[in-house]
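Biologist: Could we go through this model together? I would like to begin with local contacts and then turn to the helices.
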Amino acid sequence: MFSQLLKLFKILNSEVAPGQISAAVALGLFTGFGTLLSLQGLLIFLVVCLIRVNISAFILATAGFSLLAFVLDPLFIALGEYLLGLESLVGLWTALYQLDWMRLTRFNHTLVMGSFFGALLLCVPVFFLTQFIIVQYRERIMVFVNNLRVVKLVKASDLFQRYTDLGA
Amino acid sequence: MTSWIRWSGLAVFSLLTTLLILIWLLLLPWLLEWGIESSGEKVFGAKVEVGNVDLAFSPLGFSVFDVQVADRDQPMRNLFSIDAVDAQTELFPLLMSKVIVPEMRVQGMRLGTARQYSGALDDTKQAGSKQSAETGGSRDSTVPEVSAELPGVDELLAREPLRTVAAGKEFEASYRQTKARIEASISQLPDEKKLKRLEQEVKALSEGKIKNLSDFQKKKEEFDRLKGKVKTLRKEVSHARKTVSEGVETLRSQYQVLRDAPEEDLARLRERYGFDGVGAVNVLGLLAGGETGDMARQALEYYQYIDGFLSGDENSADDESTQARDEQNAEQQRAAGRFIHFDSDTPLPDIWIKNLELDLALAEPNDTKAGQLHYLEMQIADISHQQALTGKPLSFQARMRADQKLGEQRLEASGSFDRRGSSAYDSLQLSLHAWPLSDVDLGSGSLKLTAAEAEVDLKAHVLNAQLDVNSIASITNARFGGGGEGKTQATLLSVLQKMKAFELQLFAQGEVQSPDLRISSDLDKRIKAAFKAELSEQAAGYEGELKQKLQARMGQYAGDYSQYVERLSLTEGTLEDQSGMLEGLLEQQMASYKNELENKAKSKAGDALKDQLNKLF
């Protein structure tokens with residue numbers, strides 16, 4: 001049972017390319033600022049499951065951005081109020097409001113609209129920034145970390161051996 | 001190309017989504033139960049308890065059993081209880097936490113049932129509820145208490161504000177002041193001796209001989225001095241006369257007011273109490289204070305709950321305070337995020353029950369009252385607190401359940417609650433035909449309308465919190481019973497027992513919480529006529545005693561006024577005499593003496609000049 005779980009964990013985390021991790025973090029923006037339990041949240045989760053992105057990074061990013069959302073919510077609400085009240089967009093919102101499946105997204109809620117738009121604005125910069133950090137980390141910091149005694153001890157442990165064996 | 005697609009992820013997604021849906025379905029009954037209880041507690045301010053919730057999937061719906069909603073003002077009673085609720089619901093809105101119910105059926109709804117334990121939400125609310133329960137059960141303070149017996153005369157005089165007392169106190173104060181002023185004025189006047197002396201001085205002046213100019217001058221000086229003295233005295237007497245005259249006039253007019261006060265008091269008390277016993281018994285008190293009054297108050301209470309629920313819509317605002325509160329709520333909602341609604345053919349309010357059918361039990365099945373209606377069928381359409389979204393007002397119809405009909409009796413009611421615009425308009429039409437009444441408590445003692453048939457036509461509406469009720473009722477085959485202690489109660493009962501039929505018109509206007517009630521009825525006139533014959537002798541005696549006591553009070557305040565005014569009249573006479581005497585001294589004696597003095601002076605001056613001229617020549 002434990003082996004099976006480890007295998008599953010390994011599979012899910014086999015996507016370790018910087019782009020895959022960055023994509024996962026960028027997608028985590030949407031579920032972190034918004035909520036997973038919504039139509040758009042489920043769509044994002046489907047994309048994460050279907051596309052080869054790092055799921056652990058996605059989960060961590062969702063948790064991290066959820067914490068950040070506590071601070072940013074008032075800003076998102078104000079953004080949502082502005083967007084939903086914009087005269088030039090009322091026609092678009094009204095047209096979308098007639099579609100039942102669109103209403104499931106609750107797009108006419110100020111927080112939902114604001115957080116989604118905020119995530120949309122930030123996802124591209126976050127993707128490239130994350131990629132840059134990962135590359136720099138691997139080139140400079142990881143070498144230093146791998147030489148630390150505690151890391152060498154963990155790598156020598158049984159659990160880590162079984163984890164690496166699963167990849168074989 | 002497909003290397004970036006993880007097909008196994010699709011399986012994971014499907015598995016997780018299915019798991020999520022299954023958990024949601026498992027939890028849904030509990031979520032529904034929790035939702036009904038928590039939202040119900042917010043609306044009703046008291047405990048809401050649900051026994052059981054069952055789900056159905058084809059069609060999607062739910063059944064709720066054993067619902068009890070406590071009364072926040074009487075925590076040991078339920079506002080209403082329901083045996084079972086069956087409802088269909090739409091799936092799509094439910095996914096968005098909107099409850100849209102096309103059809104709902106409520107069975108076994110009862111009002112005011114007893115609870116086994118308190119339905120208050122917490123201690124503070126319980127204390128408030130207990131307090132309001134203590135007072136809320138009592139009769140409406142805006143309805144005058146029916147006093148079946150007149151108070152005793154002394155008790156009546158003690159508790160009523162009397163004009164006699166007020167006028168008496170004013171008179172006493174004025175009397176003291178006027179008396180002091182008069183006494184002060186009189187004390188400065190010369191007495192008889194002084195006046196005699198003055199007269200003698202004037203006489204002595206006129207009797208003396210003038211031998212020369214020097215004598216003349218002396219006489220002249222003495223004359224001037226005496227004249228001044230007389231003038232001063234005359235002024236003082238004149239002032240005293242004026243003071244006395246004005247004082248007497250003031251006291252007379254105030255005494256007249258005091259004398260009239262008992263009659264005024266008597267007239268006012270007669271009008272208010274109606275010493276023939278009629279004023280003490282009024283139809284308004286009979287009906288508004290009794291069971292019918294309780295029913296009206298209960299109806300108003302239910303209206304408050306409905307009004308509170310319907311006013312929860314942020315889009316409605318019918319007065320400044322509601323608007324201010326709504327603006328504050330809107331601000332709070334904006335801060336927490338809110339839904340912004342756009343025009344749509346399929347609006348989605350938070351709750352919308354499109355059609356509700358319910359059986360309302362008005363009495364327990366084992367109630368022993370004959371002909372008592374047990375069940376009412378009601379149909380209510382478009383129940384939602386967001387009428388601006390639904391675009392439809394809440395409307396209802398009620399009628400007797402078909403199996404409950406007895407003979408010709410008929411009940412029809414309809415109405416609506418319209419909160420779509422800025423003005424709230426609620427209306428009710430009620431029609432009863434051949435409606436049996438039995439054991440209706442009246443608001444006086446233990447009098448009861450034991451049996452009757454009623455024909456009622458009632459129209460009521462509330463526009464911007466202003467109530468307007470217009471109702472006409474014809475009561476036939478009336479039988480009265482009961483009655484308490486006291487002669488008036490017994491007389492009232494014997495009078496009522498002769499009334500077989502009467503009409504009532506009820507009007508109510510004003511604030512919903514405390515409207516102005518007006519009842520007119522031929523019952524009133526007939527009771528008065530009957531009472532007049534029965535109690536006229538008692539009325540005369542009562543009124544006579546009251547008059548006597550009022551006169552006695554008036555007399556106490558009047559004091560020795562009459563004797564004092566008599567004395568002042570004598571004083572006025574004396575002052576008049578004195579004034580006349582001084583006038584005589586001044587105008588006649590002194591004026592004539594003045595002429596004589598001038599002539600003598602002239603002749604003496606002439607003789608003296610002649611002597612001097614003779615000496616020269």
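Biologist: Which residues does A:Leu96 touch, not counting residues up to four places away in sequence?

Modeller: A:Leu96 touches A:Met102 and A:Phe107 under that condition, where contact means heavy atoms within 4.5 Å. This is a predicted model, in which local features need pLDDT of at least 70, side-chain atom pairs count only at pLDDT 80 or more, and totals for chains, interfaces and linings use all residues. Residues are numbered from 1 along each chain as its sequence is written, chains are lettered from A and ligands numbered from 1 in the order in which they are written, and side-chain values use heavy atoms, with hydrogens and water left out.

Biologist: Where is A:Leu96 found, and how many residues apart in sequence are A:Leu96 and A:Phe107?

Modeller: A:Leu96 is found in helix 5 of chain A, residues 87-97. Helices (H or I, at least four residues) and strands (E, at least two) are DSSP runs, numbered from the N terminus. A:Leu96 and A:Phe107 are eleven residues apart in sequence, and their C-alpha atoms are 8.9 Å apart in space.

Biologist: On to helix packing. At what angle do helix 4 and helix 7 of chain A pack?

Modeller: Helix 4 (residues 55-85) and helix 7 (residues 110-146) of chain A pack at about 100 degrees, with their axes 7 Å apart. The two helices are therefore roughly perpendicular to each other. Residues making this contact include A:Phe76 and A:Leu83 of helix 4 of chain A, and A:Met113 and A:Phe117 of helix 7 of chain A. By class, the contact has eight nonpolar, five polar and two charged residues.

Biologist: What do those words and classes stand for?

Modeller: Axes are lines fitted to C-alpha atoms, for helices over the stretch in contact, and angles run from 0 to 180 degrees between N-to-C directions. Angles under 35 degrees count as roughly parallel, over 145 as roughly antiparallel, 65 to 115 as roughly perpendicular and the rest as oblique. Ala, Val, Leu, Ile, Met, Phe, Trp, Tyr, Cys and Pro count as nonpolar, Asp, Glu, Lys and Arg as charged, and the others, Gly among them, as polar.

Biologist: How do the axes of helix 2 and helix 7 of chain A cross?

Modeller: The axes of helix 2 (residues 18-33) and helix 7 of chain A cross at roughly 150 degrees and come within 8 Å, so these helices are roughly antiparallel to each other. Their contact comprises 17 nonpolar, five polar and one charged residues.

Biologist: And at what angle do helix 2 and helix 4 of chain A cross?

Modeller: Their axes cross at roughly 40 degrees and come within 7 Å; helix 2 and helix 4 of chain A are therefore oblique to each other. Among the contact residues are A:Val25 and A:Leu29 of helix 2 of chain A, with A:Phe65 and A:Leu72 of helix 4 of chain A. This contact has 14 nonpolar, five polar and no charged residues.

Biologist: What is phi of B:Asp382, and where does B:Asp382 lie?

Modeller: Phi is near 60 degrees, a positive value in a residue other than glycine. B:Asp382 lies in strand 7 of chain B, residues 375-383.
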